[in-house]
Amino acid sequence: MPEDYYQVLGLEREATKDEIKKAYRKLARQYHPDVTTEDKEVAEERFKTVSEAYEVLVDDEKRKVYDQYGHAGLSGSFSGGSFTWDDFSHFEDLSDIFGGMGGFGGSIFDMFFGGGGQQRRSRGPRQGDSLRYDIEVTLEDAFKGLTKEIDVPHTVQCSDCKGTGGKGGDVQTCSECGGAGQVQSIRNSGFGRFVSVSVCPKCHGEGRTYKERCPSCNGAGREQRSSKITINIPVGVEESTRLRVPGAGDAGAQGGPPGDLFVVIHVRPHKVFRRDGSNLWLELTTTYPKLALGAEVEVPTIQGESAMLKIPAGTQVDTVLRMPGQGLPRMGGGPRGDQLVRVRIQVPKKLSSQEKELLRKLDGEDGNKGGIFENIFRK
Ligand SMILES: [Zn+2]
Ligand SMILES: [Zn+2]
């Protein structure tokens, strides 16, 4: 169970905005990993939790939703369904808190955004998430190749606001930051010149402002959709092959490009053939006389119709007979693999008295020295 946001900040439910800010400042100072006296990992986790609570309670709309529906109501407010640092839009408040403490404001971003390319700090255009889609095909599909249509659930640009998040697509470039989503301030001190970059206070890093949120997507600029996507599964496709469909992932944020879709292909095991690269293995069960005398037998092939396989006289059990070019095509081109047939025999469990007599004769029990089969094998 997620903790109650008011409890996290130690507040009553009627707390005013000032009280919320005050409580957050106190806790942020206590748990900021750079200044905390507690275990660093625990403090980091706590710092994130109090920041999440602050993000919700200081925002009138989010607070209203939370008061009414609790945590369950908020999943739509966070870009990934639950709170991450990407959803935190009050870095300027943190700069206030740590600004007087020797530039902690800047290091916060680096800490949570992995070394902080300035791009990551901005909430401006961001590429959408890439998605993975798993699909299973048969060995026959891998032999022939396949064109297939799949339904992919993903987010797409909101059609009402063209992805801008503003009602009717009405947005302006932020006048404060010129669309960059961040502002620079230069400060001179006795030690030198400090340049600090912080999120634009006017647009909260989005780089643009709008009069009214788009009601269809609640300002997100994206909506959930299922799209039909045609994929071409190549001839000879191998297990776990990944096909990339550029731009078929989730829509980007703030006009950023969409992510990619990766289709991962699994080849279902076959009832008759076992695959080994581009070769196909087959077990052939035949009779003792056919191995001893030689024969032509029908065997199945992956292309559907059966083929004739010649068993040479005197073939031993477990011999592997090769059918060149009867395997699978190779994914990148090149000659087809082979079909490899391992020979087995089936020993009958029940015999008539006539059959028994014949077999005894063959085995030399009737005085015929060595028996017929042994004579054949000796040749
Ligand atoms: Zn919209
Ligand atoms: Zn701005």
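I began with a charge over a ring: Arg242 lies over the face of Phe262, 4.4 Å from the ring centre. To count, NZ of Lys or CZ of Arg must be within 6 Å of the ring centre and within 35 degrees of the ring normal.

A note on what I am reading: this is a predicted model, where local features need pLDDT of at least 70 and side-chain atom pairs count only at pLDDT 80 or more, while totals for chains, interfaces and linings use all residues. Residues are numbered from 1 along each chain as its sequence is written, chains are lettered from A and ligands numbered from 1 in the order in which they are written, and side-chain values use heavy atoms, without hydrogens and water.

Next I asked: how many aromatic pairs does a search of the whole structure find? I got four. Rings of Phe, Tyr and Trp (its six-membered ring) pair if their centres lie within 6.5 Å; planes under 30 degrees apart are stacked, over 60 edge-to-face, and the rest tilted.

One of them is Tyr5 with Tyr66, tilted, at 4.6 Å centre to centre and 40° between the planes. I noted that this pair links distant parts of the chain, 61 residues apart: Tyr5 is in helix H1 (residues 5–9) and Tyr66 in helix H4 (residues 60–69). Helices here are DSSP runs (H or I, at least four residues), numbered from the N terminus.

Buried or exposed, I wondered about Tyr5? Tyr5 counts as buried because its relative accessibility is 3%, and buried means under 20% relative accessible area (1.4 Å probe, protein chains only). Tyr66, at 4%, is buried too.

I then looked at Phe78 and Phe83, an edge-to-face pair with 5.6 Å between centres and 80° between planes. Phe78 is buried at 5%, and Phe83 is buried at 6%.

Last entry: ring pairs join Tyr5, Tyr6 and Tyr66 into a cluster.

Terms used: Helix = DSSP H or I, 4+ residues; strand = E, 2+ residues; numbered from the N terminus. Buried < 20%, exposed > 50% of the residue type's maximum accessible area, 1.4 Å probe, protein only.
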